[in-house]
Amino acid sequence: MGTFGEYIKSALASIGSNKGRSFLTMLGIIIGISSVLTVLIIGDGMKATINSEIDSIGATSVSVSLDVTKTDKTFTYENLLAIQGALSDIYGVSPNLSAFGTAVAGRNSFSVMLTGGMEASKESSGIKMLHGRYYNQGDVDDAKNVVVLSQSAANNLFGYEEVIGKTLSITAYDLTADFTVVGIREDTSMDMAYASWGDDAMIAMDAPYTAVANSFDMNIDNSVTTFNIYLDSDFKNQVLSQARPVVENIMELRGENAVKISSGSGFDQTTNSILNIVTSVVAIIAAISLLVGGIGVMNIMTVSVTERTREIGIRKSLGATTSSILVQFLAEAAILTFTGGIIGIAFGLSIAALICKVVGFSFMVNPMLVAIVVMISTAIGLFFGIYPAKRAADLDPIEALRTE
């Protein structure tokens with residue numbers, strides 16, 4: 001047994017002569033590795049999917065508000081246009097001015113939430129237009145009574161989706177106004193949530209905030225204290241650094257600390273932290289099966305040493321050294337766990353891919369993670385193989401030869 005290759009060959013021969021026992025030895029490792037890998041991949045996929053969803057509901061926005069305890073000023077339409085023009089690398093700004101009431105089209109009547117904004121609000125909530133157009137800057141400037149309906153709003157009010165040019169009546173705060181439909185957008189998760197409220201179900205639609213204010217007797221220059229800046233996430237830090245001084249200068253609030261800026265980044269970090277904790281806890285629980293698998297390796301290898309005591313005695317009497325016996329048994333343990341690890345990785349990837357497909361998570365595989373899992377599985381074999389290997393190596397050849 002002079003070379004490493006001979007150790008490997010001898011270890012493979014021993015494993016091959018006891019296929020059933022070798023498979024049972026690997027089974028614990030296979031289950032443990034596949035469990036850990038599956039949990040970690042699903043965790044990464046879940047984080048990627050949730051972050052994507054956050055982006056789709058307006059994570060690429062910065063909220064600007066005035067502290068009403070420090071100033072009585074509000075954002076006029078001219079203020080908002082000036083702020084929008086002073087900021088670079090943004091899609092635009094938009095306040096949210098909501099009116100709640102009843103929408104009527106023909107004989108159909110539903111509770112409605114009418115959200116007023118500026119043109120840039122089309123960048124929020126992952127809005128996707130299906131028919132027509134979103135309201136534009138001209139509609140906002142002229143306070144036109146035009147409206148963009150969600151899919152469910154169009155179907156509920158008119159019985160079908162493509163209702164561009166149709167007119168509906170909205171009553172809110174004892175005032176009624178007619179609006180013309182210019183676009184139909186895809187339902188968002190919020191639209192579906194509103195529609196699931198049973199008897200209190202509500203439909204949603206969007207309109208220029210100037211039109212909402214004019215139609216329902218709201219003072220447009222005395223009601224807006226908060227607005228959103230919509231931007232590409234790549235420019236978030238740049239816009240955050242610009243926003244406060246720009247708003248303070250235009251609103252003449254320098255040094256009063258009355259302007260508050262917030263973004264979705266803190267929420268993103270909190271979400272990732274929570275998901276990391278959940279994934280880590282589940283992975284640790286799954287890793288317990290690896291410990292069980294390692295103990296299984298040690299038990300089977302110990303049995304193997306007992307069964308092969310006479311063989312070890314013969315080899316020692318023929319000149320095999322203690323170190324060669326030790327290396328051979330460690331090689332057997334390492335081969336078993338390495339092979340089990342490879343099979344476990346294949347199972348783990350397959351199971352993770354299937355689960356991600358079923359639940360709609362992104363399937364993401366980190367090659368470094370797979371390499372670490374292989375190293376861990378091999379290390380487990382070496383660690384738990386030390387005791388039986390040492391026991392075999394320390395056998396007295398004379399005593400071993402007496403064993404029947």
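Me: In which loop is the place of D217?

Reply: This is a predicted model, and that should be kept in mind throughout. D217 sits in the loop between α7 and β10. With a relative accessible area of 67%, D217 is exposed, since exposed means over 50%. The C-alpha atom of D217 is separated by 8.7 Å from that of Y173, although these two residues are 44 residues apart along the chain.

Me: Where is Q328 placed, and is Q328 buried or exposed?

Reply: Q328 belongs to helix α11, which covers residues 322–359, and Q328 is buried, with a relative accessible area of 0%. Here too a pair of C-alpha atoms can be compared with the sequence: those of Q328 and L12 are separated by 9.8 Å, while the residues are 316 residues apart along the chain. For the protein chain as a whole, residues 24 or more positions apart account for 77% of the contacts with a separation of 6 or more.

Me: How should I read a phi angle, and what is the phi of A143?

Reply: As a general idea, most residues other than glycine have a negative phi. In this structure A143, which is not a glycine, has a positive phi of about 50°. A143 lies in the loop between α4 and β6 (146–150), and at 18% relative accessibility it counts as buried, because the cut-off for buried is under 20%.

Me: Which loop holds D174, and is D174 buried or exposed?

Reply: D174 is found in the loop between β7 (167–172) and β8 (175–185). D174 is exposed, with a relative accessible area of 77%, and its phi is near 65°, again a positive value in a residue other than glycine.

Me: Turning to helices, which residues of α3 are buried?

Reply: The general idea is that an α-helix has 3.6 residues a turn, so residues three or four places apart point the same way. In α3 the buried residues are Y77, N79, L80 and I83. Seen down the axis of α3, these buried residues fall within an arc of 160°, so they line one face of the helix. The face of α3 turned away from that buried side carries the exposed residues E78 and G85.

Me: What covers the buried residues of α3?

Reply: The cover includes β2 (92–95), α4 (137–141), α7 (209–215), β10 (226–230) and α8.

Me: At what angle do α3 and α8 pack, and which residues meet there?

Reply: Two packed helices are described by the angle between their axes and the distance between the axes. Helix α3 (residues 77–86) and helix α8 (residues 236–251) pack at an angle of about 140°, with their axes 10 Å apart, and the crossing of α3 and α8 is right-handed. On the α3 side, N79, A82, I83 and A86 meet V246, V247, I250 and M251 of α8. The residues of this contact divide into 7 nonpolar, 1 polar and no charged.

Technical notes:
Residues are numbered from 1 along each chain as its sequence is written. This is a predicted model: local features need pLDDT of at least 70, side-chain atom pairs count only at pLDDT 80 or more; totals for chains, interfaces and linings use all residues. Side-chain values use heavy atoms; hydrogens and water are left out. Axes are lines fitted to C-alpha atoms, for helices over the stretch in contact, and angles run from 0 to 180 degrees between N-to-C directions. Helices (H or I, at least four residues) and strands (E, at least two) are DSSP runs, numbered from the N terminus. A crossing is left-handed if the near helix is turned anticlockwise from the far one by less than a right angle, and right-handed if clockwise. Contact means heavy atoms within 4.5 Å. Ala, Val, Leu, Ile, Met, Phe, Trp, Tyr, Cys and Pro count as nonpolar, Asp, Glu, Lys and Arg as charged, and the others, Gly among them, as polar. Buried means under 20% relative accessible area, exposed over 50%, partly exposed in between (1.4 Å probe, protein chains only). The arc is that of the directions from the helix axis to the C-beta atoms.
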